Amino acid sequence: MADTTFPRMSGWKNGYDPKQVDSFFKRARESFERPTPQPGDLDSRAVRTVGFDLVRKGYHVAVVDAALDRLEDAFAKQARDRLIAQSGQDAWVSELTRVAASLRGRLVREAGQRFDNPPPGVIGYDIDQVDDMCDKVNSYFTQGVAMSVDQVRRVLFKTAKGKKAYNEDQVDAFIDRVVEVMASVD
């Protein structure tokens, strides 16, 4: 992994805090280059869930996000390669099958029933949009319909309440698992 430098936002526009970004990428590089993972090392999930403060003239958000996507993919592939080297191809396929099976449980449920509704008064994700994404993911897994990991990674859902919404935390966790599987395969 090469050193990272990112363009900054200009004028009054906010971008990611450069100190936080630089520190994270330094730590990611150290974790990635270590021959054997250590407790506290970063992995693809840590990359996917990292957040940075916004500051005036910070790093350009879209450029950093694109670098994070590439970094997440690199960590996922590294984890796959390490598992294969340590335990063999069958172990990786078995783990992938186990994770994919846990996703399938949600995907085969009827539309409108895939996730819980949010608690009363809490905003969630629009059921129809989430179900549409789930149908696309199911087609990817079962029929080989083309879909990129970035389509899943970048999905945005409208918000809704009550019976017209799914619980955001459940949907986010599900999307994270889909990305994890897709990134390790591609």
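These numbered points walk through the fold, from the whole chain down to single residues.

1. **The model.** This is a predicted model: local features need pLDDT of at least 70, side-chain atom pairs count only at pLDDT 80 or more, and totals for chains, interfaces and linings use all residues. Residues are numbered from 1 along each chain as its sequence is written, and side-chain values use heavy atoms, with hydrogens and water left out.

2. **Overall make-up.** The protein has seven helices and five strands. Here helices (H or I, at least four residues) and strands (E, at least two) are DSSP runs, numbered from the N terminus. In sequence order the pattern reads β-α-α-β-α-α-β-α-α-β-β-α. The C-alpha trace spans about 50 × 45 × 30 Å along its principal axes.

3. Of the 186 residues, 38% count as buried. Buried means under 20% relative accessible area, exposed means over 50%, and partly exposed lies in between (1.4 Å probe, protein chains only). Contact means heavy atoms within 4.5 Å. Take the contacts with a separation of 6 or more: residues 24 or more positions apart account for 81% of them.

4. **The sheet.** In what order do the three strands of the open sheet stand? The order is β4-β3-β5, and the pairing is antiparallel. β4 (159-161) and β5 (165-166) stand at the edges with a single partner strand each, so one side of each has no neighbour in the sheet. Two strands pair if DSSP finds at least two bridges between them. Strands of a sheet pair through backbone hydrogen bonds, either parallel or antiparallel.

5. **The pairs, one by one.** β3 and β4 are joined by three bridges, in the antiparallel sense. Gly124 stands opposite Ala160 in β4. Strand β3 (residues 123-126) is also joined to β5, by two bridges, and the two run antiparallel. There, Tyr125 stands opposite Tyr166 in β5.

6. **Helices on the sheet.** Helix α5 (residues 127-143) lies across β3 and β5, at about 50° to β3. Helix α7 (residues 168-185) also packs on the sheet; it touches β3, β4 and β5, and its direction makes about 50° with that of β3. Axes are lines fitted to C-alpha atoms, for helices over the stretch in contact, and angles run from 0 to 180 degrees between N-to-C directions.

7. **Inside α5.** The 17 residues of α5 should span 24 Å at 1.5 Å a residue, and the end C-alpha atoms are 23 Å apart, which agrees. The expected span is 1.5 Å times one less than the number of residues. Buried residues of α5 include Ile127, Val130, Met133, Cys134 and Val137. Asp131 and Asn138 are among the buried residues too. What covers the buried residues of α5 includes α4, β3, α6 (149-153), β5 and α7.

8. **α4 against α7.** Helix α4 (residues 89-107) packs with α7 at an angle of about 145°, with the axes 10 Å apart. The crossing is left-handed; that is, the near helix is turned anticlockwise from the far one by less than a right angle, while clockwise would be right-handed. Residues of α4 in this contact include Trp92, Leu96 and Leu103, and those of α7 include Phe174, Val178 and Val181. The contact residues divide into nine nonpolar, two polar and three charged. Ala, Val, Leu, Ile, Met, Phe, Trp, Tyr, Cys and Pro count as nonpolar, Asp, Glu, Lys and Arg as charged, and the others, Gly among them, as polar.

9. **Phe157.** Is Phe157 buried or exposed? Phe157 counts as buried, at 14% relative accessibility. Phe157 sits in the loop between α6 and β4. Leaving aside neighbours within four places in sequence, Phe157 is in contact with Tyr125, Gln129, Val130, Met133 and Val171.

10. **Arg45.** Arg45 lies in helix α2 (residues 44-49). At 32% relative accessibility, Arg45 is partly exposed. Which residues does Arg45 touch, not counting those up to four places away in sequence? They are Asp176, Arg177 and Glu180.

11. **Lys57.** Check the backbone here. Lys57 has a positive phi of about 60°, although it is not a glycine. Most residues other than glycine have a negative phi. Lys57 is in the loop between β2 (54-56) and α3 (61-87). With a relative accessible area of 39%, Lys57 is partly exposed.
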